[in-house]
Amino acid sequence: MSWASPRLAARLIVVVALAALTAGCFQPMYAERSDGTPGLRDKLASVEVPAIDAPNGSRVARLGVEIRNALMFKMYGNATGMPPTHRLEIRLTTSRSSLIVDPSTALPAIENYGIDASYVLKDSATDKVILTGSTFSRVSYDVPGQTQRFARQRAFRDAEDRASQEIAENIQTRLASFFSAGI
């Protein structure tokens with residue numbers, strides 16, 4: 001075991017030296033900047049999220065409100081941000097499919113719900129597109145039998161809510177990485 005001590009010490013020295021060299025490179029993503037430039041929180045708070053265009057009273061309209069509210073909370077921390085410098089436009093499409101069908105009744109036992117979102121980030125002053133992207137979310141839910149209509153509708157709504165939260169998280173993460181990279 002005595003021959004392993006010098007090797008172990010050498011490895012530890014190498015690891016500590018590498019850690020010391022890279023310690024100055026790390027900068028927390030949401031940290032305040034000391035050079036006077038706006039931090040990531042300020043950049044995200046200056047993104048306007050208008051109402052998502054969908055037919056009134058439709059399920060997609062409810063999802064649009066859900067996604068918009070989640071995005072605003074994730075970016076601003078409340079309902080309003082700073083004066084807008086950017087505008088985020090989002091388009092949604094949804095899908096629903098049966099994953100498992102009961103062979104005796106030919107009714108679905110498990111369904112899959114999906115949201116596809118495409119988004120465009122524009123400069124408010126010039127209306128120039130500076131970022132485009134798309135994201136998706138797929139969630140499954142159990143159908144608890146055809147006689148339990150309320151439970152089925154509630155499971156479907158919970159799936160919609162989970163999918164919309166995932167869409168908001170994906171868009172916020174993409175915007176944060178875009179602004180963090182510097183523009």
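Figure 1. Lys43 is buried, at a relative accessible area of 18%, where buried means under 20% relative accessible area, exposed over 50% and partly exposed in between (1.4 Å probe, protein chains only). The residue is found in helix H2. Helices (H or I, at least four residues) and strands (E, at least two) are DSSP runs numbered from the N terminus. A polar atom of the Lys43 side chain lies 3.5 Å from the backbone oxygen of Phe179. This is a predicted model, in which local features need pLDDT of at least 70 and side-chain atom pairs count only at pLDDT 80 or more, while totals for chains, interfaces and linings use all residues. Residues are numbered from 1 along each chain as its sequence is written, and side-chain values use heavy atoms, with hydrogens and water left out.

**Figure 2. Overview of the protein chain.** The protein chain has four helices and four strands, which follow the pattern α-α-β-α-β-β-β-α along the sequence. Of its 183 residues, 31% count as buried. Contact here means heavy atoms within 4.5 Å. Among contacts between residues at least 6 apart in sequence, 65% join residues at least 24 apart. The chain exposes about 11,400 Å², and carbon and sulfur atoms supply 58% of that area. Accessible areas come from the Shrake-Rupley method with a 1.4 Å probe; for residues, only the protein chains shown count as cover.

**Figure 3. The largest nonpolar core.** A nonpolar core is a set of buried Ala, Val, Leu, Ile, Met, Phe, Trp, Tyr and Cys residues joined through side-chain atoms within 4.5 Å. The largest one has 36 residues, and those with the most contacts inside it are Leu71, Leu88, Ile90 and Tyr113. Two or more residues each come from helix H2 (40–45), helix H3 (59–76), strand S2 (86–101), strand S3 (108–123), strand S4 (129–142) and H4. H4 gives the most to this core, with eleven residues. In soluble globular proteins, nonpolar side chains tend to be buried together. Leaving aside neighbours within four places in sequence, Ile90 is in contact with Ile52, Leu71, Ala117, Ser118, Tyr119 and Ile171.

Figure 4. The side chains of Glu111 and Arg96 meet in a salt bridge (3.2 Å, N to O). The pair links distant parts of the chain, with Glu111 in strand S3 and Arg96 in strand S2, 15 residues apart. A salt bridge is a side-chain nitrogen of Lys or Arg within 4 Å of a carboxyl oxygen of Asp or Glu. Glu111 counts as buried at 5% relative accessibility, whereas Arg96 counts as partly exposed at 40%. The side chain of Glu111 also makes a polar contact with the side chain of Arg152 (3.1 Å). A polar contact is a pair of N or O atoms within 3.5 Å; within protein, one must be able to donate a hydrogen and the other to accept it, and residues adjacent in sequence count only if both atoms are side-chain atoms. Arg152 lies in helix H4 (residues 149–181) and is buried, with a relative accessible area of 18%. Its C-alpha atom is separated by 9.0 Å from that of Tyr141, eleven residues apart along the chain.

**Figure 5. Other salt bridges.** The count of salt bridges comes to 13. Arg91 and Asp53 meet through their side chains in one of them (3.6 Å, N to O). This pair links distant parts of the chain: Arg91 is in strand S2 and Asp53 in the loop between strand S1 (47–48) and H3, 38 residues apart. Asp53 counts as exposed at 59% relative accessibility. Arg154 forms a salt bridge with Asp158, with the closest N and O atoms 2.8 Å apart. These two residues are separated by about one helical turn because they are four residues apart in helix H4. Arg154 counts as partly exposed at 38% relative accessibility, as does Asp158 at 32%. A network of salt bridges links Arg59, Arg62, Glu66, Glu160 and Asp161.

Figure 6. Val14, Leu18 and Leu21 make a nonpolar surface patch of about 320 Å². Patches are made of residues with over 30% relative accessible area and no salt bridge; like charges are joined within 9 Å, and nonpolar side chains (Val, Leu, Ile, Met, Phe, Trp, Tyr) within 5 Å. Leu18 has its place in helix H1 (residues 4–22). Asp127 lies in the loop between S3 and S4. Its phi is near 60°, a positive value in a residue other than glycine.
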